Amino acid sequence: MSQSFQDSPKFLTERLLRDGYGGTLAEYRAAGGYEQWRRAVTSLQPAEIIDLVKDSGLRGRGGAGFPTGLKWSFMPKDSGKPHYLLVNSDESEPGTFKDRLLLEKDPHLVLEGAAISAFAIGARTIYIYVRGEYVYPRECLDRAIQEAYEAGLLGQKLFGTDWSLDIYTHPGAGAYICGEETALMESLEGKRGHPRPKPPFPAGYGAWGQPTTINNVETVANARPILEHGAGAFRSVGTKNSPGTILVGVSGHVNRPGVYELPMGVPVRTVVDQVCGGMRNGKALKAFYVGGSSTGLLPAKDADVTLDHDAVRERGVMLGTAGLIVMDEDTSIIRATRVLADFYDHETCGQCSQCRVGMEWSYQIIRRIEEGRGHPSDLKTFADLIQNFSGGKTICAFADGAAMPFKTALLHFREEWEEAIRRANPQMADSPSEEPQTAGT
Ligand SMILES: Cc1cc2nc3c(=O)[nH]c(=O)nc-3n(C[C@H](O)[C@H](O)[C@H](O)COP(=O)(O)O)c2cc1C
């Protein structure tokens, strides 16, 4: 099942690894591009594509790992309403930058995959919601969309059939929360990006109240290779519950950071040592965020964990977007956590008070500890606070995501926090966390 990373197929990046590939329509078509799109429209039924994607075992690459074929099957049949596919290209999770590679270097792969996905769910309109700061990636996409229209690959009555498809890009305005699927829909509709409660779920009541599917860029890009090579070929890579390859975006203290397409199930240690050429300056690994900051961190002793949904869950974290942030022995976990707390405090939409207040308090407590002003009760207060804003108490998963780096930093690097508080309170005896709780910040 699982393959070595050297032998693993490159379903998504094969063309990018060729010298001189520029991602134009002519180059993409010369490499078989849009043939699967043509095949889908002219000779496949939507249900066949959904079954194929179900058989492939593809799971969403936007963070939650939800089975893609199953998600598509939730869309109503013969609803008589317009259906929409929203491609989530907001990519604002700290440590995540893999969709950007596809948008900039092979935008036609994203368009072809999105087109196939839209056909499968009965959508004749696709909106690609692009992170506000991604000005250049959006230009690449817009250029590719224009090329595809001019070549008759998008638009009305495609390939001599009655099928039509329009694709639009829509820029965000730099808000992380707009990557959350219901906030994305609100923003797309021209409203403030506040998540909506679920139910109703998007397949029943999505954008403009119509049946809608939201998928990540990398998820839809996989539609072409799955049609081209078959579900079996896709399943032959990766693990049983996490088949296929995944774009792993590695940042931090390694010699060769970057985006690498690797088989699911590759050990983190292999990614750091072999794929990325080892730790920078020969330093030792201290910790790593597994799949973007909201998935939590693990200490170096867990670097044998493999990058697949089951294995990381067993260690108490999540695979997320496979944005691996690598930290060396000189990294202060308190400082890293404070930087993230600052981010979450800035990005909470403020709709739920647990989240709004929880983010601000978290930031203040961590900053105080970092600056050498920690109070003996701070760790207990912080832990209680996390308890109060996490565990599904809010409209969306933002607060639960923020809780992950906080909880795991406290769990795995307790001594570092206690030491900082001891230094700030030399009169203290042993355990800072046993002190009574106070709410003051
Ligand atoms: C705060 C927050 C931010 C998110 N940002 C993104 C994002 O930038 N891109 C993305 O694909 N999914 C993001 N998601 C997940 C989406 O809500 C949704 O699950 C995903 O787009 C579904 O696509 P998939 O099934 O293809 O993975 C975010 C979720 C949360 C809670």
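A polar side-chain atom of asparagine 216 lies 2.8 Å from an oxygen atom of the ligand, a polar contact in the sense of a pair of N or O atoms within 3.5 Å; within protein, one must be able to donate a hydrogen and the other to accept it, and residues adjacent in sequence count only if both atoms are side-chain atoms. The model is predicted: local features need pLDDT of at least 70 and side-chain atom pairs pLDDT 80 or more, while totals for chains, interfaces and linings use all residues. Residues are numbered from 1 along each chain as its sequence is written, and side-chain values use heavy atoms, with hydrogens and water left out.

- Threonine 219 places a polar side-chain atom 2.7 Å from an oxygen atom of the ligand, and for an N or O atom in the side chain of asparagine 215 the distance to a ligand oxygen is 3.0 Å.
- The protein buries 88% of the 620 Å² that the ligand exposes when taken alone (areas by the Shrake-Rupley method with a 1.4 Å probe; for residues, only the protein chains shown count as cover).
- Among the 18 residues around the ligand, the nearest are Gly62, Lys71, Glu91, Asn216 and Thr219; a residue is near if one of its heavy atoms lies within 4 Å.
- Strand β4 (residues 212-216) gives the most to this shell, with three residues; strands are DSSP runs of E with at least two residues, helices runs of H or I with at least four, numbered from the N terminus.

**Strand β2**

- Six of the six residues of β2 (residues 125-130) are buried, so the strand is largely enclosed by the rest of the structure; buried means under 20% relative accessible area, exposed over 50%, and partly exposed in between (1.4 Å probe, protein chains only).
- In a regular strand the side chains alternate between the two faces of the sheet.
- Thr125, Tyr127 and Tyr129 are buried on one side of β2, and Ile126, Ile128 and Val130 on the other.
- β2 runs parallel to β1 (residues 84-89), with six bridges joining them; two strands pair if DSSP finds at least two bridges between them.
- Asparagine 88 stands opposite tyrosine 129.
- Six bridges also join β2 to β3, again in parallel, and valine 130 has proline 171 of β3 as its bridge partner.

**Serine 164**

- Serine 164 lies in the loop between α7 (135-150) and β3 (166-171).
- Serine 164 is buried, with a relative accessible area of 11%.
- The side chains of serine 164 and glutamine 156 are joined by a polar contact of 3.3 Å.
- A polar atom of the serine 164 side chain lies 3.4 Å from the backbone nitrogen of lysine 157.
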